[in-house]
Amino acid sequence: MSLIYRRRANQPSFTHVINDYFGEIKPFSKRIGKWYFYIPLIIMKTIEWSIYRWYKTPIRRFYGVKGNELIYMITKRCNEKCPKCGIWKTPEPDNEHIDISIFLNCLKMLNENLYQVTITGGEPLLLAEDVLKIAEESRKHEILLLTFTNGVLITEDFLKRYAALNHKLVISIDTIDESKWTDFRGKATFEKVMENIKLSKQYLGRNLQIQSVIASESEKEIDSIQSFCKDLVVLHTTQRYLDFGGVWNNPINTPKTTSNDVACAARKNIIIYPNGDVVKCFDHRRILRAKEPLGNIEKEDIIQILCKKRATEVSKIMKTCNFPCKEMACNVPEIIYN
């Protein structure tokens, strides 16, 4: 289903309505396991579709309530040089980085429809004060915040303030073998990160998580990381490697996390780059209709951007696209990190 529907003055055609209905019902029906649940569940899904098709919410007909994730790549800059990632190779210049107040205003406008805000990078803690401002704003609206970090720049002061807001911190590590660490990270920061993981556990408790990327280079490291997390009583999650400019290789035998006929849940995501550009997913430009950003929150209202016809069309395309990025954790929102 499209994230936002057109206004009464420009109602979609009958064909558009039919295609939209079957585009929502068809993948849903394939997930019904018991034949005797088929008709009741299809009826219930039809009722739900009808409500969201024509009911106008106060903030312009978003699909559902608390159904979207706002993801902010706060910076492309990074203090490490991990070979798995190519983002650090193209840091944004100062004049291409929006002021934090612009993002906070965006968060305020969207808050009724967000179940989660995620901050990623680059390395977010290069802008630790901005991260804390986002954490404070998210808490005002009772929205969970996830911050992904390489763990090097964590400080006790940051942890005290972040922990008080009851948000989650995810530290990325792909080995706990000190002899391999520098090859994996590009810098000899093993001792610092291990120290900061233990400090984070002290302040955050269950709100600390560790995530690893499964690639050909790292898959033999996963068992030892899991044992490390088990001893520390920290949740460990994994993300299948995808090429976003790094030089690692895809794991050969890792099973897919999603099937081809499951609609890409990332179509409900709202992603913002450091310069304010808005896209639907980090692999947005694979979609022909999405070669350019949907808009920029420094120049336009976020609601206006999401109400554009092209934004609706891109969301619809993402129901049937089957690009490698579909394997990312954002395709199963509200499951991995809760």
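Trainee: Which residues do ring pairs link into a cluster?

Mentor: Rings of Phe, Tyr and Trp (its six-membered ring) pair if their centres lie within 6.5 Å, and in this predicted model such pairs join Trp35, Tyr36 and Phe37 into a cluster. Local features here need pLDDT of at least 70, side-chain atom pairs count only at pLDDT 80 or more, and totals for chains, interfaces and linings use all residues. Residues are numbered from 1 along each chain as its sequence is written, and side-chain values use heavy atoms, with hydrogens and water left out.

Trainee: How many aromatic pairs does the structure hold, and why is the pair of Tyr72 and Phe103 called stacked?

Mentor: The structure holds eight aromatic pairs. Planes under 30 degrees apart count as stacked, over 60 as edge-to-face and the rest as tilted; the rings of Tyr72 and Phe103 have planes at 10° and centres 4.1 Å apart, so this pair is stacked. Helices (H or I, at least four residues) and strands (E, at least two) are DSSP runs, numbered from the N terminus.

Trainee: Is Tyr72 buried or exposed?

Mentor: Buried means under 20% relative accessible area, exposed over 50%, and partly exposed in between (1.4 Å probe, protein chains only). Tyr72, at 0% relative accessibility, counts as buried, and Phe103 counts as buried at 0%. For the rings of Tyr241 and Trp248, the centres are 6.3 Å apart and the planes at 50°, so that pair is tilted; both Tyr241 and Trp248 are buried.

Trainee: Which residues does Pro83 touch, not counting residues up to four places away in sequence?

Mentor: Contact means heavy atoms within 4.5 Å, and on that basis Pro83 touches Asp183, Phe184, Arg185, Gly246, Val247 and Trp248. Pro83 belongs to the loop between β1 and α3, and its C-alpha is 5.4 Å from that of Gly246, although 163 residues separate them in sequence.

Trainee: At what angle do helix α4 and helix α5 pack?

Mentor: Axes are lines fitted to C-alpha atoms, for helices over the stretch in contact, and angles run from 0 to 180 degrees between N-to-C directions. Helix α4 (residues 128–140) and helix α5 (residues 156–163) pack at about 10°, with axes 10 Å apart. Angles under 35 degrees count as roughly parallel, over 145 as roughly antiparallel, 65 to 115 as roughly perpendicular and the rest as oblique, and α4 and α5 are therefore roughly parallel to each other.
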